[in-house]
Amino acid sequence: MINIAVCGANGKMGQEVIKTIKTADDMTLVARIDINNGQFATIKDAKDSVNIDILVDFTQPQSIYENALYCLNNRINIVIGTTGLSDTQIEELKKLSNSTKTGCFIAPNFSTGAVLMMKFAQIAAKYFNNAEIIELHHNQKKDAPSGTAVKTAALMAEVNESFTTGNCSETETIKGARGANSYNNIHIHSVRMPGFMASQEVIFGSNGQTLKIRHDSSDRECYMPGVMLAIRYVSEHKNFVYGLDNIL
Ligand SMILES: NC(=O)c1ccc[n+]([C@@H]2O[C@H](COP(=O)([O-])OP(=O)(O)OC[C@H]3O[C@@H](n4cnc5c(N)ncnc54)[C@H](O)[C@@H]3O)[C@@H](O)[C@H]2O)c1
């Protein structure tokens with residue numbers, strides 16, 4: 001049996017994870033951690049009371065780095081769905097996971113469709129020198145751009161040097177009109193409004209053609225197979241992984 005603690009247990013994702021864990025024959029839920037009315041308010045409180053094999057974190061961008069540091073320093077394996085970690089923080093967690101030999105699995109997106117969308121975008125990126133990303137989320141999402149958009153841009157940047165090629169010199173008459181300029185000039189636009197859960201479109205363009213690759217999530221259930229896969233992976237391999245694509 002894998003003893004699981006869920007941090008952010010009362011949130012939208014935390015509740016979905018708990019529902020899924022309860023149906024798994026090889027997992028036991030040992031702690032529901034949440035600063036808002038959880039069985040335990042902190043990871044330390046839970047650790048002092050129960051034996052945790054893996055902690056699954058779906059909290060918030062402001063908390064995730066501290067939570068991850070605490071887990072790794074205390075040899076608690078961690079599966080991270082929370083977005084908002086910077087490249088520097090991810091690199092630090094990688095070092096700590098390796099030095100403590102504690103599992104750390106970070107996935108900005110656990111849905112298989114989104115992972116495929118990223119993969120397809122990376123393939124297309126070789127053939128287009130112009131691309132922009134539009135990500136669309138519900139309006140309770142705290143960070144922008146989404147972790148998925150950042151990861152997509154990073155993957156595309158691995159295979160092409162610039163994605164704003166041949167554009168004339170641009171002036172923003174309203175600041176932010178061209179979105180955020182990320183890796184290798186990939187512009188990312190973040191939409192926040194009710195009606196969306198999580199969607200992303202990657203648009204490629206060249207003379208005479210455009211290509212759009214789009215993924216839409218309509219129910220949080222879509223993340224659960226990926227979360228279960230990550231938990232089972234971490235229970236066997238105590239290493240660092242960034243991205244679900246690495247274990248599919
Ligand atoms: N990786 C993925 O596939 C994926 C999918 C959806 C959402 N997310 C990310 O997961 C995170 C959570 O999303 P959500 O929609 O469930 O948010 P939410 O606001 O519904 O839930 C967050 C929960 O965490 C609790 N919390 C906050 N800080 C805490 C802390 N330090 N310790 C314990 N509990 C704490 C809150 O009280 C709340 O109950 C966000 O960063 C979101 O972007 C990732």
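**Sheet, helix and domain arrangement in a predicted model**

Five strands, in the order 7-8-6-9-10, form an open sheet with mixed pairing. Strands here are DSSP runs of E with at least two residues, helices are runs of H or I with at least four, and both are numbered from the N terminus. Two strands count as paired if DSSP finds at least two bridges between them. Strand 7 (180-181) and strand 10 (209-217) are the edge strands, each pairing on one side only. The structure is a predicted model, in which local features need pLDDT of at least 70 and side-chain atom pairs count only at pLDDT 80 or more, while totals for chains, interfaces and linings use all residues. Residues are numbered from 1 along each chain as its sequence is written.

Within this sheet, strand 6 (residues 130-137) and strand 8 (residues 187-192) are parallel and share 6 bridges; I134 has H189 of strand 8 as its bridge partner. Two helices lie across the strands. Helix 5 (residues 112-125) lies across strand 6, strand 9 (198-206) and strand 10, at about 165° to strand 10. Helix 6 (residues 147-157) lies across strand 6, strand 8 and strand 9, at about 165° to strand 6. These angles, on a scale from 0 to 180 degrees, are taken between N-to-C directions of axes fitted to C-alpha atoms, for helices over the stretch in contact. Residues are in contact if their C-beta atoms, placed from the backbone, lie within 7 Å.

Other strands pair in the parallel sense. Strand 1 (2-7) and strand 3 (54-57) are joined by 4 bridges, and V6 is partnered by V56 of strand 3. Strand 3 also pairs with strand 4 (77-80), in parallel and over 4 bridges, with I80 of strand 4 as the partner of D57. In a regular strand, side chains alternate between the two faces of the sheet. Strand 3 is covered on both faces, with I54 and V56 buried on one side and L55 and D57 buried on the other. A residue is buried if 20 or more other C-beta atoms, placed from the backbone, lie within 10 Å of its own C-beta, exposed if 12 or fewer do, and partly exposed in between.

Helix 3 (residues 61-73) has buried residues I64, N67, A68, C71 and L72. Viewed down the axis of helix 3, these fall within an arc of 120°, so they line one face; the arc is that of the directions from the axis to the C-beta atoms. Q62, E66 and N73 are exposed on the other side of helix 3. The cover over the buried residues includes strand 1, helix 2, strand 3, strand 4, helix 4 (87-100) and strand 5 (104-106). R75, which follows helix 3, has a positive phi near 55°.

Most residues other than glycine have a negative phi, and most peptide bonds are trans. N37, in the loop between strand 2 (27-33) and helix 2 (43-49), has a positive phi near 65°. N37 is exposed, with 9 other C-beta atoms within 10 Å. N185, in the loop between strand 7 and strand 8, has a positive phi of about 65° and is partly exposed, with 18 C-beta neighbours inside 10 Å. The peptide bond from A144 to P145 is cis, with omega near 0°; P145 lies in the loop between strand 6 and helix 6.

The domain assignment, which is automatic or from a database, gives domain 1 (2-106 + 221-246) and domain 2 (112-217). Their centres, taken over C-alpha atoms, are 28 Å apart.
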